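Please open the model in your viewer and keep the selection panel at hand. The tour below goes from one side chain to the next.

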Amino acid sequence: MLVLVTGAAGFIGSHLVDRLIADGHEVIGVDDLSSGANLRDGVELIEMDVADPALLTLAADRRPEVICHLAAQVSVRVSVAEPLHDARVNVLGTVNVLEAARLAGTRKVVFSSSCAVYGVPAALPVSADAALAPKSPYAASKVCGEVYLEMYRALHGIDFTTLTLANVYGPRQTPEGEAGVVSIFSAGLLTGKPTQVYGEGKQTRDYVYVLDVVDAFAKACGEQGGGRRFNIGTGLQTTDRDLHSLVAEAAGTADEPGFAPPRQGDLPAMAVDPGPARDGLDWEPTTGLREGLAATVAWARNR
């Protein structure tokens, strides 16, 4: 089938394109290249802002069966400082994708969301049917996207699956910009630059390997999971301090981070329950944290 992937040149999007092509699908990538260009040669890539009306023409002409919507403004800090920019990319961009899907007769949109939509969780791991309580413009924009998906399904019959991602890490995630902590630790430890954890390093996150995430997207492109939200994570919590030790182990370097004051607004803990994805998508994570970190550090070493 023909799949259109927004954010196709990004960290997760480029891995998804590789997977879809390996599975025998035809892929059109759309990306404004603001976060780099990770696509391999030979992939059809249209350089375009996700909110550009030209996306409607592209979709109507090519008629993709599925659209995987990963393009986004992903920084919480940027969303707080520039909420109008965040809304233009994440809200108007999502509406633009859904209008493109409507005009193209697209069967399904697979939407990339974030565990930030849950706000401060009452219990861990967070259930996929937990109340949404966004605490930033970024999180609010993802909730807004879910509302539009529900509405377009009811109004126009376009199916959707929302994948609510935990902390994704892996090869191609660079330490520049709004990178994940794994890539920041990897780069610092491999180059001998100082690394640091915040507070006492007791904050926890749920780390899920990028190829496991891509597997969830690939499965969601099928008939499974229509009209549902699934948590894509491991359900396991890893402290910042333990993560530093594991990255140092993978890099073969000393485990001696500096300590900085806690950052205002950081969640003390997060993990999501992936259980429903086992039944609804036939998905579960298969890459252990040590294995994933070894692959990530090896990529960073060769970068």
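Start by selecting Arg263 and Asp266: their side chains make a polar contact at 2.9 Å. A polar contact here is a pair of N or O atoms within 3.5 Å; within protein, one must be able to donate a hydrogen and the other to accept it, and residues adjacent in sequence count only if both atoms are side-chain atoms. This is a predicted model, in which local features need pLDDT of at least 70 and side-chain atom pairs count only at pLDDT 80 or more, while totals for chains, interfaces and linings use all residues. Residues are numbered from 1 along each chain as its sequence is written, and side-chain values use heavy atoms, with hydrogens and water left out.

Stay on Arg263. The residue sits in the loop between strand 13 (258–260) and helix 9 (275–280); helices (H or I, at least four residues) and strands (E, at least two) are DSSP runs, numbered from the N terminus. With a relative accessible area of 40%, Arg263 is partly exposed; buried means under 20%, exposed over 50%, and partly exposed in between (1.4 Å probe, protein chains only).

Next, show what surrounds Arg263. Neighbours within four places in sequence aside, Arg263 is in contact with Arg77 and Tyr198, where contact means heavy atoms within 4.5 Å.

Now turn to the salt bridges, each a side-chain nitrogen of Lys or Arg within 4 Å of a carboxyl oxygen of Asp or Glu. By this rule there are 17 salt bridges.

Select Glu200 and Lys202, a salt bridge with its closest N and O atoms 3.1 Å apart. Glu200 is exposed at 57% relative accessibility, and Lys202 is exposed at 61%.

Move to Arg62 and Glu44, whose salt bridge has its closest N and O atoms 2.7 Å apart. Arg62 lies in helix 2 (residues 54–62) and Glu44 in strand 3 (residues 44–47), so the pair ties together parts 18 residues apart in sequence. Arg62 is partly exposed at 28%, as is Glu44 at 30%.

Finish with Asp215 and Arg19: which elements does this pair tie together? The two form a salt bridge, closest N and O atoms 3.0 Å apart. Asp215 lies in helix 7 (residues 210–220) and Arg19 in helix 1 (residues 11–22), so the pair links parts that are 196 residues apart in sequence. Asp215 counts as buried at 15% relative accessibility, whereas Arg19 is partly exposed at 25%.
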